[in-house]
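My notes follow in the order of looking.

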Amino acid sequence: MRKLLLPFFLLVALFAMAQSPREELKRCPALSGGNFLAYPGPTQLKLTPAPKGKHAFYISHYGRHGSRYHTKAVDYDYVYEVLLRADEHGALSPLGKDVLGRATAIRQEAQGRHGDLTPMGAQQVRDIANRMYERFPEVFNAHAVVMARSTTTPRCILSMAHFAVELARHSPGLTIRQNATEYDHYFLRSFIRSEVYPQTRDYYQAFCNRHQCWQRVVTSLFADTAYMHRYVNGERLNYFLFREAAILQGSQSGRNTTLYDLFNDDEVYEMWLKENAYWFLAFGFSDINGGELPFSQTQLLRNIIEQADSCIGVRNSSCTLRFGHETILLPLVCLLDVNGYGQKINDVDQLERKNWVAYRVFPMASNLQFVFYRAHPADKDVVFKVLLNENEATLPLKTDIAPYYHWKDFRDYYLTKLDNYSQQHK
């Protein structure tokens, strides 16, 4: 049986080697889960020292909730019900019966927990908070204020709470203010799905049609192939099997159960190609999807800038935490053009060559951190660096202190970008 997850230190090493997706997927098929990937942790264990005389005083953060169960019952019911019905007709192979047993146990664990934060998800968030404190302890002194905001989704609220508890454990004197209200959704949870553009759906379907790979897997589950061809939608069954395989890595069932053993290396790769293309077309820059979807995060980026400006003017250190979803984090990364994810690509067959790989951006508990530095409260040259999933990242800005940037340059560049967009859409 194919192992579901590599040990943590091997998975970190895998990311650090910067292999091609095909090579990475061969070593760790769980990466193909994309937004279901359990948070691998940072690959960069030692950060670049700050410019001489500067010290951290403020952190601005947007984080996705930790690992969760599937949000919809169909993601657990479909495989179970199709295989159960086939078993009642004596149509399953021994492998099919075995998979039915696995699907039954997986479905049972998820009952009543759809969309809930898993224990692993809670631990991921606590670990991130712990590393944030250990890396930047001066930000969290006894006089610091932490402002935490979450969407009203329970898994996000709980992620915020776990993060806050971990920070308070390290620094009991912290002032931590938490809130979760729809009032903040205008910047925490604002997005546009690309399905509003019919050409996107047609383009994606044509791409998927070129990457069909379900026949071998589904056929292996049935002894009665006549039944399979008559009553089973093979492509749909394969799709839900793969989704179930991906989500397992963040749950208790994933400790001793996998479904990745059903898929060979080529099939895992083909399924990932479709998943990666979907996320690009849904949230990346492309003429295929209208060319402006990342600007859905205009209000969030303005909030990041405004909050930073207000905290820069304060003597004490502080931290702004925001908790939400991958459907916000991914387009924000594209809007900022972090690590080149803001490039416009009009051919999804070029995504891999251009290093547009979604699982490197938005695993469960993924996060973007802006860490600010100054020499003293009156310092006019505030600098910062951006961390994507706790690794130093790049922005499309000139800098003489890489991986750090001057805050003034950031403000000027992105406010101009946002203002130009607003003027074009009046």
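Predicted model: local features only at pLDDT ≥ 70, side-chain atom pairs only at ≥ 80, totals over all residues.

I then looked up where F140 sits: it is in the loop between α5 (119–135) and β2 (145–150). Leaving out residues up to four places away in sequence, I listed its contacts as I59, M132, Y133, V146, L167, S171, L174 and C319. F140 and T200 are 60 residues apart along the chain, and their C-alpha atoms are separated by 45 Å.

Next I took F187, which I found in helix α7 (residues 185–188). Its relative accessible area is 5%, so F187 is buried. Which residues does F187 touch, not counting those up to four places away in sequence? I noted Q297, Q299, L300, N303 and R322. From F187 to Q44 I read 30 Å, C-alpha to C-alpha, for a sequence gap of 143 residues.

I turned to the nonpolar cores. The largest has 105 residues, and the members that touch the most others are F222, L237, L336, L368, F372, L395 and F410. Helix α12 (residues 265–283) gives the most to this core, with eleven residues. Apart from that core I found another, of 28 residues, with M132, F136, L174 and C319 among them. Of these, M132, L174 and C319 are also on my contact list for F140.

Beyond residues up to four places away in sequence, L336 touches L301, L368, F370, L395, P396, F410 and Y414.

Last, I went through the whole chain. I counted 15 helices and eight strands. The radius of gyration is 23 Å, close to the 22 Å that the globule rule gives for 426 residues, so the chain is as compact as a globular protein of that length. Along the principal axes, the C-alpha atoms fill a box of roughly 75 × 45 × 40 Å.

I noted that 56% of the 426 residues count as buried. For contacts with a separation of 6 or more, residues 24 or more positions apart account for 79%. The accessible surface comes to about 17900 Å², and carbon and sulfur atoms hold 51% of this surface.

Technical notes
Residues numbered from 1 in each chain as written. Heavy atoms only, no water. Helix = DSSP H or I, 4+ residues; strand = E, 2+ residues; numbered from the N terminus. Rg over C-alpha atoms; globule rule 2.2 N^0.38 Å. Buried < 20%, exposed > 50% of the residue type's maximum accessible area, 1.4 Å probe, protein only. Contact = heavy atoms within 4.5 Å. Areas by Shrake-Rupley, 256 points an atom, 1.4 Å probe, with all protein chains shown as cover. Core = buried A, V, L, I, M, F, W, Y, C linked by side-chain atoms within 4.5 Å.
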